[in-house]
Amino acid sequence: MKHYFSFEGRIGRLEYFVTCVVFNACYAVLGIFERLISPELFLVLYVLLAIPSLWFLWAQGAKRCHDLGHNGWWQCIPFYVLWMVFAVGLSETNQYGESID
């Protein structure tokens, strides 16, 4: 994993899966903190975490779409995330870069 917040390049299924796990783990921890801290502090913590983590998720999703030969907007299609997790990427070089497998 490199260039976590960049929208350029390609990543494979495993790296995208790990991205999804990390993203969901962060929000699970945030849910625990919601019960332990004051609402004002929670709001600040949520804003500080939400913006970079969503950017990270979208950037990694765009790179996974690139590995499948599509532009990053394809991740907005409902349930396409499942395809991104399970589909094998293109084995040849495409307009987004060299094959990573």
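Predicted model: local features only at pLDDT ≥ 70, side-chain atom pairs only at ≥ 80, totals over all residues.
Student: OK, how far apart are the end C-alpha atoms of H1?

Tutor: They are 35 Å apart, which agrees with the 34 Å that its 24 residues (13–36) should span at 1.5 Å a residue. The expected span is 1.5 Å times one less than the number of residues, and helices here are DSSP runs (H or I, at least four residues), numbered from the N terminus.

Student: Which residues of H1 are buried?

Tutor: Glu15, Tyr16, Thr19, Cys20, Phe23 and Leu30. Buried is under 20% relative accessible area, exposed is over 50%, and partly exposed is in between (1.4 Å probe, protein chains only).

Student: And what covers them?

Tutor: The cover includes helix H2 (39–67) and helix H3 (80–86).

Student: Switching topic: how many salt bridges are there?

Tutor: Two in the whole structure, where a side-chain nitrogen of Lys or Arg has to be within 4 Å of a carboxyl oxygen of Asp or Glu. Asp67 meets Arg10 at 2.8 Å, N to O, and that pair links helix H2 with the segment before H1, 57 residues apart. Asp67 also meets Arg64, at 2.6 Å, N to O.

Student: How far apart are Asp67 and Arg64 along H2?

Tutor: Three residues, so about one helical turn separates them. Salt bridges with shared partners join Arg10, Arg64 and Asp67 into one network.

Student: Are Asp67 and Arg64 buried or exposed?

Tutor: Asp67 is buried, at 1% relative accessible area, and Arg64 is buried at 0%.

Student: Now rings. How many aromatic pairs does the search find?

Tutor: Seven, counting Phe, Tyr and Trp (its six-membered ring) with centres within 6.5 Å; planes under 30 degrees apart are stacked, over 60 edge-to-face, and the rest tilted. One of them is Phe7 with Trp55, edge-to-face, at 5.2 Å centre to centre and 85° between the planes. Phe7 sits in the segment before H1 and Trp55 in helix H2, 48 residues apart.

Student: Which residues form a ring cluster?

Tutor: Phe23, Tyr27, Phe42 and Tyr46, linked by ring pairs.

Conventions: Residues numbered from 1 in each chain as written. Heavy atoms only, no water. Helix = DSSP H or I, 4+ residues; strand = E, 2+ residues; numbered from the N terminus. Contact = heavy atoms within 4.5 Å.
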